[in-house]
Amino acid sequence: MKRFVTADTFRLAEVFTISRGSRTEARVLTCHLDDGSHKGWGECVPYARYDETLDSVTAEINGLPDSFTRQDLYDLLPAGAARNAVDCALWDLECKRAGKRAWELAGLAVPTPEITAYTLSLAEPDQMRASAAKHAHRPLLKIKLGTEDDMKRLEAVRAGAPKSNIIVDANEGWSAEVYSELAPHLVRLGVQLVEQPMPAGQDDMLAEIERPLPVCADESCHDRGSLAGLKGKYDVINIKLDKTGGLTEALKLREAALADGYKVMVGCMVGSSLAMAPAQIVAQGAMVTDLDGPLLLAEDRDHALKFDEAGVHAPEVALWG
């Protein structure tokens, strides 16, 4: 089976800023598989937070043997971006070979549209109010926080979009004391969920303090092996394929998390429709879907995912799966 990796760049519609920095483009890796009769592909976004780079992930993919299965990948690669791209490419290839859609191979129902969050870039409060007003038609807005002016920004967004539901992502930027201080205000402003308020590995206090709104594990949850360490601290887990290492583990993590009593959020890195396509399957029935990567782009893949008032739709066969 032939295999090669390409580095692809997609311009963003506008500068995207979070507490960790700003970007003007999405840089992704695409894994291509070719068995001589059929081709499959998958996308990943290497993430510096997990010591991943374009070069390191490319090397991981290129270091694989000539032949392997999705199950083999568990022994060949750790959970992360490299395994995600290859796993999703294998799913696509298997679909092409079988003439079936990915959800059929997985034994799942035909996916329906899922309302997705739309992330507002971090900016000064007045700018965020204007941005919120621009996107006030969207039913769910996501705000990246983790700064000293969090409340000013949150108040500004609520003023700009009084009817939208809001979730916030602290990006590991708070302490237990800061979260306890802010939580009543989050409730007052109608925030429905807060992602990763404290740093992964330093979040034990979440089991000791009151949680007046659902708390979601992002950096603290990668795959099924993470679940045991979340007991009593989190109410929701954020499933991202770049963390789980692909669709195969993402579906298993969703099943295990629901069985353990967690609710599920399905999120993404900033990537193209190719990266969101398999995640849309995982997002079926999720408490929160956050697959807005393509909405932040100025350019996307051919046969891009459809987004409308019903939400993000399942991919066309010409795109993936």
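Two strands are said to pair if DSSP finds at least two bridges between them, and in this predicted model 3 strands joined in that way form an open sheet in the order β1-β2-β3, with antiparallel pairing. The largest nonpolar core has 78 residues, and the largest pocket holds about 640 Å³ of space.

**The open sheet**

- The edges of the sheet are formed by β1 (2-18) and β3 (39-44), each of which pairs on one side only, while neighbouring strands are turned by 20° against each other on average, direction ignored.
- Strand β2 (residues 21-34) pairs with β1 in the antiparallel sense over 13 bridges, and within this pairing Val5 stands opposite Cys31 in β2.
- Helix α3 (residues 81-98) packs on the sheet, where it touches β2 and β3, and the direction of α3 makes about 155° with that of β3.

- In soluble globular proteins, nonpolar side chains tend to be buried together.
- Within the core of 78 residues, those with the most contacts inside it are Leu154, Ile237 and Trp320, and the element that gives the most to this core is helix α10 (residues 273-282), with 7 residues.
- Leaving aside residues up to four places away in sequence, Trp320 touches Trp41, Cys88, Trp91, Asp92, Arg101, Ala102, Leu247, Leu274, Ala277, Pro278, Ile281 and Pro315.

**The largest pocket**

- The largest pocket is lined by 31 residues, of which Ile18, Arg23, Tyr47, Met269 and Val270 are the closest to its centre.
- The elements that give two or more residues to the lining of this pocket are β1, β2 and β5, and among the contributors β2 gives the most, with 5 residues.

- Not counting residues up to four places away in sequence, Gly173 touches Gly146, Gln196 and Pro197, whereas Gly173 and Arg254, which are 81 residues apart in sequence, lie 26 Å apart in space, C-alpha to C-alpha.
- Gly311 lies in strand β13 (residues 311-312), and it counts as buried because its relative accessibility is 4%, which is under the 20% cut-off.
- With residues up to four places away in sequence again left out, Gly311 touches Pro113, Glu114, Ile115 and Lys306.
- Gly311 and Arg138 are 173 residues apart in sequence, and their separation in space is 9.9 Å, C-alpha to C-alpha.

Terms used:
Residues numbered from 1 in each chain as written. Predicted model: local features only at pLDDT ≥ 70, side-chain atom pairs only at ≥ 80, totals over all residues. Heavy atoms only, no water. Core = buried A, V, L, I, M, F, W, Y, C linked by side-chain atoms within 4.5 Å. Buried < 20%, exposed > 50% of the residue type's maximum accessible area, 1.4 Å probe, protein only. Helix = DSSP H or I, 4+ residues; strand = E, 2+ residues; numbered from the N terminus. Contact = heavy atoms within 4.5 Å. Axes fitted to C-alpha atoms, helices over the stretch in contact; angles between N-to-C directions. 1 Å grid on protein atoms, 1.4 Å probe; cavity = no way out; pocket = protein on both sides within 12 Å on 5 of 7 lines; lining within 4 Å. Points joined across faces, edges and corners; volume = space filled by probe spheres on them.
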